[in-house]
Amino acid sequence: MKNKIVIGNWKMNNSFTEAEELLTSIANIMEDMTLETEIVICPAFPYLEMAADLAEDNSFPYYIGAQNVSSEEKGAYTGEVSALMIKSSGADFCIIGHSERRMYFHETNVCLRKKTDIAIVNDLIPIFCVGEQLVEREAQNHFTVIENQLKESLFHLDRSGFERVILAYEPVWAIGTGITATPAQAQEMHAFIRSLVAEKYGTEQAYNTYILYGGSCNSKNALDLFLCKDIDGGLIGGASLTANEFIEIIRAAETSTKND
Ligand code: PEP
């Protein structure tokens with residue numbers, strides 16, 4: 001039995017106080033629940049330390065992740081946030097390659113490769129996102145796009161580096177649109193990704209690699225997605241901003257693990 005991972009990506013939302021309140025609400029509802037599912041919350045940079053402190057104080061266990069990391073180690077890069085800063089603020093994870101970063105901040109596969117390396121060197125676990133645009137799927141190029149993203153940003157890693165990485169398949173057309181990939185579409189891509197990992201790193205590593213689904217995942221569709229053989233949990237955007245909704249998704253992850 002493989003437990004699930006559920007990650008909340010808060011994006012650029014919430015004031016400091018709202019972020020504190022949301023974490024406290026989640027913790028209050030979940031208090032003393034025994035979970036198989038690992039939970040990671042990714043708030044904005046200025047809230048990492050507060051979120052990490054709250055995670056330590058709470059009886060509800062969760063990890064903290066950043067939403068981005070600089071591709072540079074340190075120095076004169078005004079406005080950048082380094083892997084060391086993130087790690088020393090109490091976070092253990094870091095989203096890399098989110099489609100919003102690729103799209104709005106022009107992050108390329110080469111740049112994302114550098115970010116992944118720097119995260120691993122600084123003992124952060126990369127949550128590496130891959131996903132195709134709608135036009136690419138319509139042109140039947142979606143498998144090639146995902147394969148290139150993996151090969152150009154991740155497959156240079158040796159096995160000890162790669163085993164630290166969590167993958168998230170996030171079809172761009174499903175992010176924040178309310179359109180979810182069907183369980184069959186998601187499963188098909190997850191199985192493909194796992195086959196690529198198997199080819200490169202072997203079947204044991206392929207089994208151990210977490211491949212999460214992201215894209216308009218919510219309390220209504222989560223269970224059907226999580227029951228798919230190759231879906232190991234979810235990367236949740238909008239639905240992670242409401243305590244009850246996020247908790248229902250965690251419950252779906254728990255149910256799917258028990259049905260494994
Ligand atoms: C995301 O931003 O990673 C995401 C999956 O967003 P949403 O759930 O809102 O589609």
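Analyst: Buried means under 20% relative accessible area, exposed means over 50%, and partly exposed lies in between (1.4 Å probe, protein chains only). This is a predicted model, in which local features need pLDDT of at least 70 and side-chain atom pairs count only at pLDDT 80 or more, while totals for chains, interfaces and linings use all residues. Residues are numbered from 1 along each chain as its sequence is written, and side-chain values use heavy atoms, leaving out hydrogens and water.

User: Why is phenylalanine 105 called partly exposed?

Analyst: Its relative accessible area is 48%, so phenylalanine 105 is partly exposed. Phenylalanine 105 is placed in the loop between α4 (99-104) and α5 (109-121).

User: Why is aspartate 53 called partly exposed?

Analyst: The relative accessible area of aspartate 53 is 41%, and therefore the label is partly exposed. Aspartate 53 belongs to helix α2 (residues 48-57); helices are DSSP runs (H or I, at least four residues), numbered from the N terminus.

User: What makes cysteine 228 buried?

Analyst: Cysteine 228 has a relative accessible area of 13%, so the residue counts as buried.

User: How do you know how many disulfides there are?

Analyst: A disulfide is a pair of cysteine sulfur atoms within 2.5 Å. By this rule the count is 0. Cysteine 111 is in no disulfide, as the nearest cysteine sulfur, that of cysteine 94, is 12 Å away. Cysteine 228 is likewise in no disulfide: the nearest cysteine sulfur belongs to cysteine 217, 11 Å away.

Key. Helices (H or I, at least four residues) and strands (E, at least two) are DSSP runs, numbered from the N terminus.
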